[in-house]
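I opened the model to look up its pockets and the packing of some helices. My notes follow.

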Amino acid sequence: MDLNADLGEGFGIWRLGDDEALLDLITSANIACGFHGGDASTMHRVCAAAAERGVSVGAQVGYRDLAGFGRRHIAYGFSELRDETIYQLGALDAFCRLFRTRVRYLKPHGALYHAAACDEAQAAALVAAVNGYDHELPVLCPPGSVLAQLAVGAGLRVVAEGFADRNYLPNGQLVPRGAPDALITDPDQVANRAVRMATERTVVAVDGSVVPCPVESICLHGDTPGAVRCAELVRAALIDAGVTLSPFA
């Protein structure tokens, strides 16, 4: 099982989360590319730290929305979203090259993540960007989503992702961010959910029903309160359960 986290989401003088501490615990790092969060210096720093630890780097691409942290939907046209995605991939890849590594996968962020899960036009723009930039890049996204279907149809590798620190609806989708029960902040509960995802391939939804969750990677949000403690417990619980942790890319 892969364990990933969203990193490098600070900007300028603002730091969001403890990137270095999380890099000691995860196997893949979704690094912000400067649109929803991050900047050149942050990308440089986090890519260097990831390379030093042997952590795989993925491009966490988002809407051009620093003020809204990429969590506000934007009605992009196909070509504009495709081109801005390629722009973000190239920016992060440049910093990876400094440390003899490269971007190894793509993951959409925030509102783009949710839009691409159900909006064919936005999903198609992401698929076109990956196809044009590097056909070998895997796409990290929700299992069964529109993005997953279009990516498979284009011959791309799809890696299904689950969220140990987010609640799920009975239909398998995430509880919307604006809902009071969207996030799970109890580290023990997060760890238990991660083990269930890894060993049983299921998750318990907010109504108590058991939902299939066939994932290859589990995400922890770097901006969640107590993210480092959650990651420590998740990593330990997975290893205790006999789960081998390794990057998918």
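**Pockets**

I began with the lining of the largest pocket and asked which element gives the most to it: α4 does, with four residues. I note that the model is predicted.

I then listed the elements that each supply at least two residues of this lining, and found α4 (110-118), β6 (158-163) and β8 (210-212). I read the volume of the largest pocket as about 400 Å³. I counted 19 lining residues, and those nearest the centre are Ala117, Pro142, Gly172, Gln173 and Leu174. I sorted the lining by class and got 12 nonpolar, six polar and one charged residues.

I moved on to the second largest pocket, which has a volume of about 260 Å³. Its lining has 19 residues, and I wrote down Gly110, Ala111, Tyr113, His114 and Arg166 as lying nearest the centre. For elements that give two or more residues to this lining, I found β4 (103-108) and α4. I checked which of the elements gives the most here, and it is α4, with five residues. By class, I recorded eight nonpolar, six polar and five charged residues in the lining of the second largest pocket.

**Helix pairs**

I wanted two things for each pair, because packed helices are described by the angle between their axes and the distance between the axes.

I took α5 (residues 120-133) and α6 (residues 146-153) to start with: their axes come within 9 Å and cross at roughly 45°. I noted the crossing of α5 and α6 as right-handed. Which residues meet between α5 and α6? I found Glu120, Ala123, Ala124, Leu126 and Val127 on the α5 side, and Val146, Leu147, Leu150 and Ala151 on the α6 side. I classed the residues of this contact as eight nonpolar, no polar and one charged.

I went next to α7 (residues 187-200) and α8 (residues 227-240), which pack at an angle of about 40° with their axes 8 Å apart. I noted a right-handed crossing for α7 and α8. From α7, I listed Pro187, Asp188, Val190, Ala191, Ala194, Val195 and Ala198 as meeting Arg229, Cys230, Leu233, Val234, Ala237 and Leu238 of α8. I classed the residues of the α7 contact with α8 as 11 nonpolar, no polar and two charged.

Key. Residues are numbered from 1 along each chain as its sequence is written. This is a predicted model: local features need pLDDT of at least 70, side-chain atom pairs count only at pLDDT 80 or more; totals for chains, interfaces and linings use all residues. Side-chain values use heavy atoms; hydrogens and water are left out. On a 1 Å grid over the protein atoms alone, a cavity is a set of points where a 1.4 Å probe fits but cannot get out, and a pocket is an open set with protein on both sides within 12 Å along at least five of seven lines; lining residues have an atom within 4 Å of a point. Grid points are joined across faces, edges and corners, and a volume is the space filled by probe spheres set on the points. Ala, Val, Leu, Ile, Met, Phe, Trp, Tyr, Cys and Pro count as nonpolar, Asp, Glu, Lys and Arg as charged, and the others, Gly among them, as polar. Axes are lines fitted to C-alpha atoms, for helices over the stretch in contact, and angles run from 0 to 180 degrees between N-to-C directions. A crossing is left-handed if the near helix is turned anticlockwise from the far one by less than a right angle, and right-handed if clockwise. Contact means heavy atoms within 4.5 Å.
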